[in-house]
Amino acid sequence: MKPIDVQAVQAALNRFVGDDVYLHLETTNGAYAAHRFGQPMAVCAYIRNGRIRFERAAIAGNRPYRVGLKMDQGWVYAEGLTDYEVDEKGRLLLAGHDDEGRLAVALQLSRTPWPMSAIEEEA
Amino acid sequence: MAQVEKTRHLLLVYPHPDDESFGKAGTVILFTRAGTPATLICGTLGELGRNMGNPPIANRETLPKIRRKELEQACEILGIRDLRLLGLRDKTIEFEDPERIADRIEAVIREVKPSILMTYYPKLGVHPDHDAMSNAAVIAVKRLPKEERPVIWGSAVVHEPEKILGDPDFVIDVSSVLEQKLAAMKAHRSQFSGIFARVEEALAAGGEAREEVMRLLATERYWIYRLDD
């Protein structure tokens, strides 16, 4: 992934407007947050393959960035995004990494479902 | 210190690539060097790991493929020739039907007839996937007639497990294979630097810091999980 280029990400977001897209949305402080890193508890939430359609998409902020997707009835939001990639399948990957390269948040959009396992993807 | 000797077959049951190496690689290497055939059942490919390498070498979608390769490299170093991937998904094992996961572990047990089954000590694995996988392993072992059951070697992740379990049943001195143990751990490149940043610093610093880390890495501990029926 590369550091976020606002114009490139905005253009990539715009390409998904109005279509059915598959969302991967995730935030985590790690399974060992409480055990090893002195935080009160491990916190994580993720949705893989939520199918959504949004009418407007925007990136805001200045490293780290925020992204909001405005849907007919609701919002998708992510904060703390630092890096992006449009992969060879045209999928948009956005992620927020901490100083040690650990993923803290991810927001990804694809026109086809995200694979459930790498084994399945290879088959 | 317990001696590691050749045994009929070693079966490892873990949820993530790297579980077989972090804290356990020395014991596995000693077993396989003694001529013990070894099989690893790995539940997931650690799809949701937050360590991407530092600097990052993976993203959320490439991570499982990279971790699979890392696991295969680690297995080579560990002398594990038989790797079974269950294709479950990271962080979701506890929500699956444990009996169905036990079915798959049981099938492997009946096939390779292990004398020792290594897994996390039930309920003391800290990570929910660790506990779900060890629970399924115990269910599978319990289905076997007593005389066919492997001995379950459990490792505990909780702080101060002695306070719960007493002294470990096996304390293994792995100092003779320490370099190979480190190589197996480092094969998990995407994970190692994030999890063992301080270990890496100490190894690089050399001198007393390095000695101290090497001493810690030289001992591995296991508690037998005894079945009550």
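I began with the helix contacts of chain B, where B:Ala25, B:Gly26 and B:Ile29 in α1(B) meet B:Leu178, B:Gln180, B:Lys181, B:Ala184 and B:Met185 in α6(B), contact meaning that C-beta atoms, placed from the backbone, lie within 7 Å. I note that this is a predicted model, in which local features need pLDDT of at least 70, side-chain atom pairs count only at pLDDT 80 or more, and totals for chains, interfaces and linings use all residues. Residues are numbered from 1 along each chain as its sequence is written, while chains are lettered from A and ligands numbered from 1 in the order in which they are written.

I then looked up the geometry: α1 (residues 25-33) and α6 of chain B pack at an angle of about 120 degrees, with axes 9 Å apart. Axes are lines fitted to C-alpha atoms, for helices over the stretch in contact, and angles run from 0 to 180 degrees between N-to-C directions. Helices (H or I, at least four residues) and strands (E, at least two) are DSSP runs, numbered from the N terminus.

Next I checked α2 (residues 63-78) of chain B, which packs with α6 (residues 178-187) of chain B at about 170 degrees, the axes being 8 Å apart. That makes α2(B) roughly antiparallel to α6(B), a label for angles over 145 degrees. B:Glu70, B:Gln73, B:Ala74, B:Ile77 and B:Leu78 of α2(B) make this contact with B:Gln180, B:Ala183, B:Ala184 and B:Ala187 of α6(B).

In chain A I found an open sheet of 3 strands in the order β4-β5-β6, with antiparallel pairing, where pairing requires at least two DSSP bridges between two strands. β4 (54-61) and β6 (74-81) of chain A stand at the edges with a single partner strand each, so one side of each is left without a neighbour in the sheet.

Key: Parallel < 35°, antiparallel > 145°, perpendicular 65-115°, else oblique. Contact = placed C-beta atoms within 7 Å.
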